[in-house]
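User: I'd like to talk through the charged side chains in this one. Can you put it up?

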Amino acid sequence: MKKMLNRAMALLQALAMVLSLAACGAPTGSETKAPETKAPDKATEAGGQETKASDDVEEFNIFAPYDETVKLTFARTESTDGYPEGQSMYDNVFIDFVKDYLNVEIEYEITRNSQDDYLQALNMAITGGELPDSIFLCGSVVDTLATVNELIAEDMVCDITEVYEKYASDEIKEIYNSYGENCHSIVTVDGKLMGLQQNLNTSDVRNMVHIRQDWLDKLGIKLDEDGDNLITLEELETVLNEFVAKDPGNSGNPVGMFVANFNAKSANYSANLVSNVFGARIMYWYQDENGNAVDGSVSHEVKDALGWFVDMYDKGLIDPQIGITNMDAGMAMMANGRCGVAFGNNTMSNWFFQDTYVAFPEADFSAYGLDNGTGVMINPSFDSVTKYVMISKDCENPEALMKVISLVYTLARNEEFRESIKDEYPEVYEAACQSGFASLYNPTGMNLSNANDTFTAYFMYDDWKNGKITDEEYKAYDEEEYNVAVKVKNGEAMEPSERIIADWCFEALGKCYEMKTSGKAQLLKHLGVTTTPTMDTNYADMKACIAEWWIKIITGEVSLDDGFDLFVEEYNALGGEDVLKEVEEMYLN
């Protein structure tokens, strides 16, 4: 075994790998149709041999059992919770099913209950050059990427490009394809797929502006007449003017909008949603068209966004207590009828508007994306990856591992397949019908999820509304949501708790999905920066600097031109300039 790379060098090389983008799906042929996922004829030849279909067309079966037993060994963190009585990670219905169905034995070689203990044991195995077939990598973004890079550089893991293309089921490929072009980006090197990454989609298409629809109706204001779920900043300003001038909440002291957050990545009650319209990316670092790292908190787009807020403040359309207002104060303004506009993601109805629904049973919110002037909504986005599965170079049957992973997710996501094994394997069928089956029984330790899973509540409502599922099927999914859907359909009055579901699960979530699928949402990519040496010590001061200068500039304590220059100067002195150099070195070079 070749000498291990220096860990520090591996760290820097690993971080640079984030930038390599691979085509979605199988890297050497993403247009290739996945093999049909179906219950195999148990007489099929071993190892997934081709069988003749009735029409003489050769059909490949990824779940064909082996003639001779194949043993797979695994390294992963230990899971002790969630198993039915009599089952465990080491002995359960899925392990038995894999043995009988594929003739594959699952054996855990390296396991620890504590993540720290597991990583220590795994690092010892890496150093010794003796690895099990399946290697689960977890931990911090930085450290895990370093290990990924080390395993690839030392030729300790195998190229699974052909294995993925041939043995990944439709369900696996659908999951990965839902993340777009970056679905295999980190584990693809020189066009070769070197492992599987667990994508966590932080692409926040859900960030929107929420407006009291009942107030719009009361004042005769019509928005989004073209039905694209977008409004412009000019339209937003019109709404703010009307709400302040006519006080539809009868508060006696109306406020157009409030902002309580200037230095966080979250869109909730923050300046981010409007800032994104101008292309600003506060608290993010990204790569410009020349390949250079850019600090999104001090870019020229930030100054443009600040100019808009200055204008709104001068016109009396922003809460004058902008430097004092916090989340609780904002919630109170909404509940007191002073304010009818709030920025945040689609879940705002589930918590931020609760008091408003109680105070105003007639309250009804509509959510809109903000048009950046080109007919799309801009949201920040990067895919956060902290977990991977890689296959040892010494694994004799790497395709067997792909078959096992495919079997887990086919059982979990393919109802027809589940039904095909129901009679012969009733316990497996019952387990696979439960939510969380894949995360519990996947022997690799990695849990895969579809980027669109967050829209499930809307999908169920929409399918029921359009007659694609029955009342009973909807009830089985969520009876509370079904009951609310019936009231929405019949125009019945709803309790505050029911309004939350209607505005959140049905209205706001549905608009987010429509914008995502129609191309009306554009995601601004970032480098996924989590930390640098200077950030470890100076990050809090840098964030405080952003909030302080935003408030000074918006309230007119200092002019936009002078204030922005002073802000950038102080921010860089506090560490911004050093962080940018470190980002350039760690994430790009």
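User: Which residue does D155 form a salt bridge with?

Analyst: Quick caveats: this is a predicted model, local features need pLDDT of at least 70, side-chain atom pairs count only at pLDDT 80 or more, and totals for chains, interfaces and linings use all residues. Residues are numbered from 1 along each chain as its sequence is written, and side-chain values use heavy atoms, leaving out hydrogens and water. A salt bridge here is a side-chain nitrogen of Lys or Arg within 4 Å of a carboxyl oxygen of Asp or Glu. With the closest N and O atoms 2.7 Å apart, the partner of D155 is K393.

User: How many residues apart in sequence are the parts that D155 and K393 tie together?

Analyst: D155 sits in the loop between α4 (141–153) and α5 (161–167), and K393 in the loop between β16 (383–391) and α14 (398–413). Helices (H or I, at least four residues) and strands (E, at least two) are DSSP runs, numbered from the N terminus. So the pair ties together parts separated in sequence by 238 residues.

User: Is R212 buried or exposed?

Analyst: R212 lies in strand β9 (residues 208–212). Buried means under 20% relative accessible area, exposed over 50%, partly exposed in between (1.4 Å probe, protein chains only). At 0% relative accessibility, R212 is buried.

User: What separates E242 and K246 in helix α8?

Analyst: E242 and K246 form a salt bridge, closest N and O atoms 2.8 Å apart. They're four residues apart in α8 (residues 233–246), so the separation is about one helical turn.
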